[in-house]
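Here is a short briefing for a first look. Please keep the sequence and the model side by side as you read.

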Amino acid sequence: MKDQVKKWLESGTVDIFLGMKMVDGHPLPHAFTLGNISDLEELVPGTVRYPLETFAAELAAENPDARIGLAARECTQRALNVLSLWNQAPTDRIETIKLNCCPSPLKEHAACSYLDPPEAGLFKKHFGIDNAADPEAVARFEPRERFSRWMYEFQKCIKCYGCRNICPVCFCEDCSLEHKDLIGTGQLPPEAPIFHLVRAVHMAGRCIDCGLCEEACPADIPLRLLYRKVNAVVDDLFDYRAGEGEQPPPFNIIGERPSLEPKPMENGSACPQR
Amino acid sequence: MECKFVPSVCSYCGVGCGVLFKVVDGKLTGTLPLKTHPVNEGRLCVKGWNIHDFVNSYLRLKSPLIRAFGRFIKTDWEEAIKITSDRLKDIVRQHGPDSVGVLVSAKMSNEENYLAQKFARAVIGTNNVDHCARL
């Protein structure tokens, strides 16, 4: 990877390369340029993840001529795909070097902070929702119990906005979560569950399942699970999976018509039974 | 185009969470939690997430102000310290050393807190020393 980046910087393929550098034992994001090319010695894949694609999109927006290189995990690539479909990142000016991350039988030595999540405690398992559970397992709870379990999780929220701030596909200038007519201000926990559900709805067809929100959550709310659920609904209704392909997202309402048609109805019902 | 990522410690409370500042062309433009920091392990509270806002705030106090004639007047550190010490001396002379209290901070280092109590006990002559974590 170091040689490739060096080649790119020297040939001018990219003006700046965003990757991880080891600093005093901490892998930190670093912008490699021709000016600090000796830093490349310390370029590491890094097991921790920062939203490098967000930095790249911001740099690209501020410098219309700059070409940007990026050490890209699979989640980074999905995020870039979504950002490009929403016209937030000029992918023609962003080059990526793919990193070994999400594990599969074909590649064992995956490096990702998500591979080793903390285990849920007993209380959380009994009264809340295990972050490692899958959406089907959660759907099997009785509705009343499911509601109380989700409310237990939501009421821990300290409204730090960390989930939104770290999210690589959150780019709106005006955020509904800060709109005082939509969500009341001045109380903690924030209005539950509306605060979390507003964000969940906005993640539908957009969330790329990177899990950075859950990693950043001081209250350990199973956000990734929640957004997986809304994405499953979008997949069922529109046959759309965020981060894959070149199809515009179903909720892009700019233009005359919605950009995506619902899937053909099943058994005469527009919404599949669940 | 210059982009730097600077690790630091949150300046708000005594916990001391690790933060990562994003500096673009010499201007602080963003704050992120330091993922590998042993204290906060990649999490921050709402204040920590917004440090770059107060650093760049136009309301930020950048020089000492002296209240005179009912208004705040800008001054330099030398004069501010001189006036403060004169006033403290006046107060101690008139009302005794126990009329002064020294409040220190959880955010300061041990050494600074030590100096502050030394100042209270040895210079002013009072045991009225307390700490913001106990207020």
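B:Gln117 counts as buried, because its relative accessibility is 18% and the cut-off for buried is under 20%. The model is predicted.

- B:Gln117 sits in helix 4 of chain B, which covers residues 110–124.
- Its side chain makes a polar contact with the side chain of B:Arg121. The distance is 2.5 Å.
- In an α-helix there are 3.6 residues a turn, so residues three or four places apart point the same way.

**The sheet in chain B**
- Three strands of chain B form an open sheet in the order 1-2-3. Their pairing is antiparallel.
- Strand 1 (3–9) and strand 3 (27–33) of chain B are the edge strands. Each of them pairs on one side only.
- From one strand to the next, the twist averages 30 degrees.
- Strand 2 of chain B spans residues 18–24. It pairs with strand 3 of chain B over 6 bridges, in the antiparallel sense.
- Across from B:Val19 stands B:Pro33, which belongs to strand 3 of chain B.
- Backbone hydrogen bonds are what pair the strands of a sheet, whether parallel or antiparallel.

**A nonpolar patch on chain B**
- B:Leu61, B:Leu65 and B:Phe72 make a nonpolar surface patch. Its area is about 330 Å².
- B:Leu65 is in strand 4 of chain B, residues 65–68.
- B:Leu65 has a relative accessible area of 36%, so this leucine is partly exposed.

**A covered helix in chain A**
- Helix 2 of chain A runs over residues 52–62 and is mostly covered. Of its 11 residues, 8 are buried.
- Among the buried residues of this helix are A:Leu52, A:Phe55, A:Leu59 and A:Ala60.
- A:Glu53 and A:Thr54 are also on the buried list, as are A:Ala56 and A:Ala57.

**A partly exposed glutamine in chain A**
- A:Gln247 lies in the segment after helix 10 (223–238) of chain A.
- Its relative accessibility is 39%, so A:Gln247 counts as partly exposed.
- A:Gln247 and A:Leu85 are 162 residues apart in sequence. In space, their C-alpha atoms are 7.8 Å apart.

Conventions:
Residues are numbered from 1 along each chain as its sequence is written. Chains are lettered from A and ligands numbered from 1 in the order in which they are written. This is a predicted model: local features need pLDDT of at least 70, side-chain atom pairs count only at pLDDT 80 or more; totals for chains, interfaces and linings use all residues. Side-chain values use heavy atoms; hydrogens and water are left out. Helices (H or I, at least four residues) and strands (E, at least two) are DSSP runs, numbered from the N terminus. Buried means under 20% relative accessible area, exposed over 50%, partly exposed in between (1.4 Å probe, protein chains only). A polar contact is a pair of N or O atoms within 3.5 Å; within protein, one must be able to donate a hydrogen and the other to accept it, and residues adjacent in sequence count only if both atoms are side-chain atoms. Patches are made of residues with over 30% relative accessible area and no salt bridge: like charges are joined within 9 Å, nonpolar side chains (Val, Leu, Ile, Met, Phe, Trp, Tyr) within 5 Å. Accessible areas come from the Shrake-Rupley method with a 1.4 Å probe; for residues, only the protein chains shown count as cover. A salt bridge is a side-chain nitrogen of Lys or Arg within 4 Å of a carboxyl oxygen of Asp or Glu. Two strands pair if DSSP finds at least two bridges between them. Axes are lines fitted to C-alpha atoms, for helices over the stretch in contact, and angles run from 0 to 180 degrees between N-to-C directions.
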